[in-house]
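I opened my notebook beside the model and wrote down what I looked up, entry by entry.

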Amino acid sequence: MTDTQQHAPTTPTGPATNVGLPQERRLVTAIPGPASLERLERKKAYVADGVGTTLPVFVVAAGGGVLVDVDGNSLIDLGSGIAVTTVGNAAPAVVRNVTEQVQAFTHTCFMVTPYDGYVDVAQALAELTPGSHAKKSALFNSGAEAVENAVKIARVATGKDAVAVFDHAYHGRTNLTMAMTAKNMPYKHGFGPFAGEVYRAPMSYPFRDGLSGPEAAARAIDVIEKQVGATNLACVVIEPVQGEGGFVVPAPGFLPALSQWCTDNDVVLIADEIQSGFCRTGDWFASDHEGVVPDLVTTAKGIAGGLPLAAVTGRAELMDSVHGGGLGGTYGGNPLACAAALGAIEEMREHDLVGRARDLGALMTERLTALAAEHPVVADVRGRGAMMAIKLCEPGTTTPDAARTAAVAAHCHRNGVVVLTCGTWGNVFRFLPPLSIPDALLHEAFDVVAEAFAATAPDAEPVTPVAP
Ligand SMILES: Cc1ncc(COP(=O)(O)O)c(C=O)c1O
């Protein structure tokens with residue numbers, strides 16, 4: 001019997017909790033515990049140092065809202081493996097579909113001999129992504145690969161080269177996507193030279209620029225027109241809610257104005273919904289909130305409940321502008337990943353995870369707003385649905401406080417709550433719980449976050465930890 005099997009399942013209180021793992025925070029050792037520390041030594045010996053780890057607890061089981069480690073600790077998961085396990089870890093329909101698929105066949109290469117799962121995913125993407133026009137998809141393995149291919153398609157379709165991206169953007173770690181990503185350390189440092197013909201425009205960033213959406217769009221369009229020229233521009237690539245850059249939500253009207261300008265200038269609008277898509281923001285896609293219909297949408301992460309799958313979906317005539325054999329890859333749309341995606345989409349539909357993301361968003365907004373009222377270091381509460389963030393700045397200023405952010409994160413980790421940071425200045429907490437987390441567990445996680453702020457305040461009195 002493993003550590004995780006010794007505990008009787010408890011009844012979850014949330015609507016889509018998926019497995020019999022006790023939905024509880026349980027600390028039986030320090031975090032990380034001795035068994036994890038032992039494994040960390042082995043990791044140091046055999047895994048390249050460049051592959052970092054936020055919290056070195058080695059996981060043996062996960063589901064609902066918890067991760068269980070080799071020491072028998074049960075941690076609350078507020079990260080979903082960076083926005084991937086939206087439907088929960090090992091979600092039942094994902095497990096069922098993958099189990100059936102792995103017994104049937106594991107690979108043929110869709111480009112050699114096809115199978116239904118790939119086409120089923122493409123059909124689901126046509127139905128779910130914004131807009132009612134005819135759409136087609138091509139499937140890949142990672143988000144970066146999807147972004148690269150979206151740019152390839154836009155270049156062929158328009159016969160133009162240039163790519164416009166935004167301040168604070170994150171699009172991946174391949175050569176082209178490093179060029180498109182804004183932040184140097186750790187993503188780009190020393191890895192150049194980067195792909196050319198990538199230009200950066202100012203993002204709508206209400207906390208910093210105070211501009212309305214249309215004003216910020218006019219500023220971005222002016223930069224693009226003056227520094228690139230619409231006649232050279234193949235595509236504008238934008239995260240409708242920025243991910244790694246700090247969960248920046250553009251001011252209302254920014255995305256529609258940009259979309260209209262792209263339409264008027266024969267420029268392909270690519271929405272990178274890799275982090276914001278698939279129910280995360282309380283709609284199927286973040287573009288839906290303002291009725292924006294991108295020409296191409298890139299998806300990955302939440303699409304397949306933890307298996308590696310990514311897609312480019314878009315206007316059929318754009319997708320079909322690429323010559324036969326021009327898109328693909330050995331593993332793209334692997335049958336196991338497609339089976340997982342169909343299971344994940346089934347979970348999203350059956351458990352109304354769009355609604356669940358909105359409910360969790362309301363709960364998190366309430367907790368984070370209360371936190372901001374109590375701790376002036378919390379300068380901004382932002383996000384959408386179950387993609388929420390707080391930004392830490394020196395009180396009364398816009399000066400980032402990365403040190404306090406790190407101290408709060410360390411306290412949360414020590415006390416069994418997995419939190420992630422992000423942002424250009426490393427001063428943003430992003431909260432991305434699996435949508436299968438029970439409400440009570442999410443509240444407990446935010447009790448620990450609140451305690452972490454109290455414990456790390458400059459004038460902190462010693463605090464008694466929230467009992468797990
Ligand atoms: C918006 C966005 N685009 C692209 C990527 C790259 O995806 P992957 O890590 O699967 O290559 C990410 C990953 O965090 C992302 O958030």
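Which residue in S6 does Val165 stand opposite? I found that Val165 stands opposite Arg200 in S6.

Before going on, I noted that this is a predicted model, in which local features need pLDDT of at least 70 and side-chain atom pairs count only at pLDDT 80 or more, while totals for chains, interfaces and linings use all residues. Residues are numbered from 1 along each chain as its sequence is written, and side-chain values use heavy atoms, with hydrogens and water left out.

**Entry on strand S5.** I looked up S5 (residues 162–166), keeping in mind that strands are DSSP runs of E with at least two residues, that helices are runs of H or I with at least four, and that both are numbered from the N terminus. Strands count as paired if DSSP finds at least two bridges between them. S5 runs parallel to strand S6 (residues 198–201), and four bridges join them. S5 also pairs with strand S7 (residues 233–238), again in the parallel sense, over three bridges, and there Val163 stands opposite Cys235.

I then checked burial, where buried means under 20% relative accessible area, exposed over 50%, and partly exposed in between, with a 1.4 Å probe and protein chains only. Five of the five residues of S5 are buried, so the strand is largely enclosed by the rest of the structure. In a regular strand the side chains alternate between the two faces of the sheet. Both faces of S5 are covered, with Ala162, Ala164 and Phe166 buried on one side and Val163 and Val165 buried on the other.

**Entry on Leu309.** I located Leu309 in the loop between strand S9 (296–299) and strand S10 (310–315), and with a relative accessible area of 3% it is buried. Counting contact as heavy atoms within 4.5 Å, and leaving out residues up to four places away in sequence, I listed the residues that Leu309 touches, among them Val121, Phe140, Ile303 and Cys338.

**Entry on helices H13 and H14.** H13 (residues 402–414) and H14 (residues 439–456) pack at an angle of about 130°, with their axes 9 Å apart. Angles under 35 degrees count as roughly parallel, over 145 as roughly antiparallel, 65 to 115 as roughly perpendicular and the rest as oblique, and H13 and H14 are therefore oblique to each other. The residues of H13 that meet H14 include Arg404, Val408 and His411, and those of H14 that meet H13 include Val449, Glu451 and Phe453.

How values were computed
Axes fitted to C-alpha atoms, helices over the stretch in contact; angles between N-to-C directions.
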